[in-house]
Amino acid sequence: MISLVRAELRKYTTTRLSWSMPLAMVILGGLFAALQGLFLAIIGEFPGPDGSMIVPAEMFGEDVVARLVYTGGVQIGYLLALVLGILSMSGEFRHKTITATLLAAPRRGRLIAAKLASVAVVVAVNAVAFTLGSVVGGGLTLALGDVSLFPDPAGLLATFARMILVLVLWGLMGFGLGVLITNQVVALFVGVGVTLLVEPLLGLGLTFVEQLADASKFFPSQASMSALDLFAGVDPGMAQSLGGAQDALSWGWGTLVLLGYAAFMAALGWLLTARRDVA
């Protein structure tokens, strides 16, 4: 089993993706956190209770602002994690290496377990790179806005740990999608399209149906926001205007919902690979 995991990791480390994706994670994490920081720590203002304009640090508190800034690019982070998961399996079909892989590891259950473990490791490494980039990019704008960089160290460390967990779970969801749709281009198109377009539009549409208005909080993106506990300490109305769900899940339930999606997609990938006829 360990040798299979090593073999899967070696496949990743011998490609350009092994250095280009972490580099992209650092750059994009820093860029999006800096943009969020520009709005929340430097130029942003909100109307206060008396109508006067006040800065976000006074309205929400410095701990909330720091949390929102450091996680400002989490959507692009889990999108890239999804892509990594898709590539891990669909690449086998695209490059026609799946047959050789199955001949080298005929016990498909062990092979899938090794692939899942390697995807988790690879995405975790990339998630750490993304988090480091977010801390650097976000920290620069917080410093420029004269906002404390780590007003709540324990709380921020918990947020960083949750962000890494969220990205790993999205990577596992991508793995299942890569097994379900073996055409790499189609799998990437479906994964990115559903995450960026279908899910937000469907969530918006459901807000007009009273009986289903709360359903969108169980969608993967909203569950990710809940798992990160992004809007803790923020007025619910303001949280909605910042992208949060109406009556959002607690961070614990959000994590469980996301775990459920990852477990379902991983199990689906396991089942399909075990039963699929590969020539």
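Predicted model: local features only at pLDDT ≥ 70, side-chain atom pairs only at ≥ 80, totals over all residues.
**Entry 1. The second largest pocket**

A pocket is an open set of grid points with protein on both sides within 12 Å along at least five of seven lines, and its lining residues have an atom within 4 Å of a point. For its volume I recorded about 500 Å³.

I then looked up which helices contribute to this lining. Helix H1 (2–13), helix H5 (74–94) and helix H7 (108–144) each give at least two residues to the second largest pocket. Sorted by class, the lining residues are 8 nonpolar, 7 polar and 4 charged.

**Entry 2. The largest cavity**

I next asked how many cavities of 30 Å³ or more there are. The count is 1. The largest cavity holds about 30 Å³ of space.

I listed its lining as Arg-162, Leu-165, Val-166, Leu-169, Ala-227, Thr-255 and Leu-258. Helix H8 (153–180) and helix H12 (251–275) each supply at least two of the lining residues. The largest share, 4 residues, is from H8. By class I found 5 nonpolar residues, 1 polar and 1 charged in the lining of this cavity.

**Entry 3. The largest nonpolar core**

In soluble globular proteins, nonpolar side chains tend to be buried together. Here the largest nonpolar core has 70 residues, and Leu-142, Val-166, Leu-167 and Trp-170 have the most contacts inside it. H8 provides the largest share of this core, 13 residues.

Setting aside neighbours within four places in sequence, I found Trp-170 in contact with Tyr-78, Ala-81, Leu-82, Thr-195, Pro-220, Ser-221, Ser-224 and Leu-258.

**Entry 4. Thr-159**

Is Thr-159 buried or exposed? Its relative accessibility is 3%, so Thr-159 counts as buried, the cut-off for buried being under 20%. Not counting residues up to four places away in sequence, Thr-159 touches Arg-67, Thr-71 and Leu-228.

Key: Residues numbered from 1 in each chain as written. Heavy atoms only, no water. 1 Å grid on protein atoms, 1.4 Å probe; cavity = no way out; pocket = protein on both sides within 12 Å on 5 of 7 lines; lining within 4 Å. Points joined across faces, edges and corners; volume = space filled by probe spheres on them. Nonpolar A, V, L, I, M, F, W, Y, C, P; charged D, E, K, R; others polar. Core = buried A, V, L, I, M, F, W, Y, C linked by side-chain atoms within 4.5 Å. Buried < 20%, exposed > 50% of the residue type's maximum accessible area, 1.4 Å probe, protein only. Contact = heavy atoms within 4.5 Å.
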